[in-house]
Amino acid sequence: MTPIPPPEPRNAAGEIRRVGVEIEFAGLPPRDTAELVRGLFGGEIVTVSAHRLKVHRTRWGDFIIELDTQYAHPDDEVLNTGPKDDTEWERQRHQMRVDFHTRTRELIGDVVTGLVPTEIICPPVPWDELDQLDALFGALQGHGAKGTDASLLYGFGLHLNPEVPSLDVAAVLAHLRAFLLTAEWLREQIDIDITREVLPHANPFPKPYALKVLAPNYAPDVDTLIGDYLEYNPTRNRELDMFPLFACLRQDYPHPLFTHRLVKPRPTFHYRLPNAQLSEPGWGSVVEWNRWVEVEKLAADPQRLAERATAYVIKHTRSPILRLLQKLRGWMGAT
């Protein structure tokens with residue numbers, strides 16, 4: 001399958017836009033997965049800790065492969081905090097604490113292997129090379145990796161991180177509006193797994209927020225855009241997580257989520273919606289990228305975007321009586 005070109009194929013610097021890809025799955029532990037990645041894309045495997053590895057210097061950069069739970073990995077705060085003083089006893093005491101912490105986290109990882117997913121965090125890939133990255137998905141299928149639909153317990157997802165075409169607030173707002181208008185269609189196309197519907201990781205945006213953003217007179221500056229988002233979405237668990245992009249635009253914004261260790265500032269949309277459909281032949285990052293491009297097409301068409309936004313606001317602000325009358329007219333017209 002060929003990636004569909006977005007309306008803006010290059011970033012503001014004139015370079016081909018890139019896409020970060022993250023995939024969760026079961027059935028293949030991190031070390032075996034790292035060997036698989038190296039076999040496909042070259043590079044060198046580096047062990048960061050017992051259940052976190054990197055494949056350095058592939059054609060696109062570094063892949064990270066790990067168990068997807070923080071409790072299987074040593075805490076950087078523990079590792080990076082030095083001894084309280086420079087005495088020999090304190091240095092030994094500190095080293096014993098670090099060794100115990102590291103071993104404990106390793107044992108936790110050993111216990112939960114097979115219960116929590118393995119995750120691959122791919123380096124940013126040019127959008128027109130995603131079809132080459134998809135060799136990874138075929139290899140995972142061939143080596144027994146299990147995706148979302150393999151079990152009712154598997155709420156696994158694929159995340160795309162498309163680089164934004166522009167950091168201008170008007171462009172960011174246009175894409176956010178386009179996503180709000182396209183989200184229902186995306187959910188239908190993806191057929192969101194029931195387990196992922198129940199779990200909170202990719203929740204829809206609340207309707208009052210959509211109505212605010214889609215209002216014709218909504219023209220915020222960057223701080224207002226961020227502030228309104230936080231008011232209605234004080235969580236990372238949205239189908240389109242805007243925090244990495246907002247943290248890139250305003251790293252000093254005064255809110256705790258902007259300094260959360262899991263929020264990494266980057267000029268991308270963090271699109272969390274797709275299932276990990278590893279049992280579906282031909283499925284991979286290109287399938288989900290091509291769906292995402294529909295959002296970008298709408299964002300790039302100001303007239304159609306405005307018309308659809310107006311229609312959405314009218315539809316969702318009519319009184320219950322007017323909505324009932326419209327339904328009655330539809331039923332009468334169908335008879």
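**View 1. Helix α6 gives the most to the lining of the second largest pocket, with 8 residues.** This is a predicted model, in which local features need pLDDT of at least 70, side-chain atom pairs count only at pLDDT 80 or more, and totals for chains, interfaces and linings use all residues. Residues are numbered from 1 along each chain as its sequence is written, and side-chain values use heavy atoms, with hydrogens and water left out. A pocket here is an open set of points on a 1 Å grid over the protein atoms alone, where a 1.4 Å probe fits, with protein on both sides within 12 Å along at least five of seven lines; lining residues have an atom within 4 Å of a point. Of the 18 lining residues, Leu180, Leu181, Glu184, Tyr312 and His316 lie nearest the pocket's centre. Two or more lining residues come from each of α6 (169-190), α8 (207-214) and α12 (302-317); helices are DSSP runs of H or I with at least four residues, numbered from the N terminus.

**View 2. Here α6 packs against helix α11 (residues 285-299).** The angle is about 145°, and the axes lie 8 Å apart; axes are lines fitted to C-alpha atoms over the stretch in contact, and angles run from 0 to 180 degrees between N-to-C directions.

View 3. Leucine 278 touches Phe25, Phe137 and Trp283, among others.

Note on methods
Contact means heavy atoms within 4.5 Å. Lists of a residue's contacts leave out its neighbours within four places in sequence.
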